[in-house]
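Please look over the model shown below, with attention to its pockets and to the packing of its helices. The report that follows takes up each of these topics in turn.

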Amino acid sequence: MSDRSFESRSKAYELLASAFTAEPDADAVRDFYSFDWVSLLGADCPLEEPDDCAAVASENRSEFARMFLGPKKRIAPPYESVYRSGVRRMGGCHAEDVRRCYEEAGVRRDGSVREPDDFVGFELQFASYLLAAASLAAESGDEDLLTESL
């Protein structure tokens, strides 16, 4: 895989992470639609930017709240441990495994978003970080860092 491919994948994960870590606005919707998903995915499925990005952002906020926040029960809790625990419970050894992965890579959360370490937005940011590191390693020819990043 080329360093451009790593860079492109890193940007894709960054865009996906932002859907979970920041409230979408018209600019975020534009960024998502302007990304070259066709080249990355190798499929002929171009996305056309909507006429009203602000309206799409508003719809996304409503759908995010419905799916991930409630009002009564979260339809799709955005935490890895919920799905890996077998009993739809947050935390535990699976969340600790995620935290350990961050620590091994030298990644520290800044605490600006109050969510557990296994929050899907953080995991997508982490994937973006690793792919960006892989891109730099490939560009510089550092095979050890490339292997470590992947």
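## The second largest pocket

Helix α7 provides the largest share of the lining of the second largest pocket, contributing four residues. This is a predicted model, and the volume computed for the second largest pocket is about 230 Å³. Its lining is made up of 13 residues, and those that lie nearest the centre of the pocket are Arg108, Arg109, Asp110, Phe122 and Gln125.

Sorted by class, the lining of the second largest pocket holds six nonpolar residues, four polar residues and three charged residues.

## Packing of α6 against α7

The helix α7, which covers residues 120-140, packs with helix α6, which covers residues 92-104, at an angle of about 30°, and the axes of the two helices are 12 Å apart. Because angles under 35 degrees count as roughly parallel, α6 and α7 are therefore described as roughly parallel to each other. The crossing in which α6 passes α7 is left-handed.

On the α6 side, the residues that take part in the contact are Val98, Cys101 and Tyr102, and they meet Phe122, Glu123 and Phe126 on the α7 side. By class, this contact of α6 with α7 comprises five nonpolar residues and one charged residue, with no polar residues.

## The largest pocket

For the largest pocket, the computed volume is about 530 Å³. A total of 21 residues line the largest pocket, and Ser18, Ala19, Phe20, Pro24 and Asn60 are those that lie nearest its centre. The elements that give two or more residues to this lining are α1 (3-21), α2 (26-34) and α4 (53-69).

Of the elements, α4 gives the most to the lining of the largest pocket, with eight residues. When the lining residues of the largest pocket are divided by class, 16 are nonpolar, two are polar and three are charged.

## Packing of α2 against α4

The helices α2 and α4 have axes that come within 8 Å and that cross at roughly 100°. That angle makes α2 roughly perpendicular to α4, because values from 65 to 115 degrees are counted in that way.

In the contact between them, Ala26, Val29 and Arg30 from α2 meet Cys53, Ala54, Val56, Ala57 and Asn60 from α4. The residues of the contact of α2 with α4 divide into six nonpolar, one polar and one charged. Asn60 belongs to the α4 side of this contact, and Asn60 is also among the residues that lie nearest the centre of the largest pocket.

## Overall architecture

The secondary structure of the protein amounts to eight helices and zero strands, and the order of its elements from the N terminus on is α-α-α-α-α-α-α-α. Taken along its principal axes, the C-alpha trace of the protein spans about 50 × 45 × 30 Å.

Note on methods
Residues are numbered from 1 along each chain as its sequence is written. This is a predicted model: local features need pLDDT of at least 70, side-chain atom pairs count only at pLDDT 80 or more; totals for chains, interfaces and linings use all residues. Side-chain values use heavy atoms; hydrogens and water are left out. Axes are lines fitted to C-alpha atoms, for helices over the stretch in contact, and angles run from 0 to 180 degrees between N-to-C directions. Angles under 35 degrees count as roughly parallel, over 145 as roughly antiparallel, 65 to 115 as roughly perpendicular and the rest as oblique. A crossing is left-handed if the near helix is turned anticlockwise from the far one by less than a right angle, and right-handed if clockwise. Contact means heavy atoms within 4.5 Å. Ala, Val, Leu, Ile, Met, Phe, Trp, Tyr, Cys and Pro count as nonpolar, Asp, Glu, Lys and Arg as charged, and the others, Gly among them, as polar. On a 1 Å grid over the protein atoms alone, a cavity is a set of points where a 1.4 Å probe fits but cannot get out, and a pocket is an open set with protein on both sides within 12 Å along at least five of seven lines; lining residues have an atom within 4 Å of a point. Grid points are joined across faces, edges and corners, and a volume is the space filled by probe spheres set on the points.
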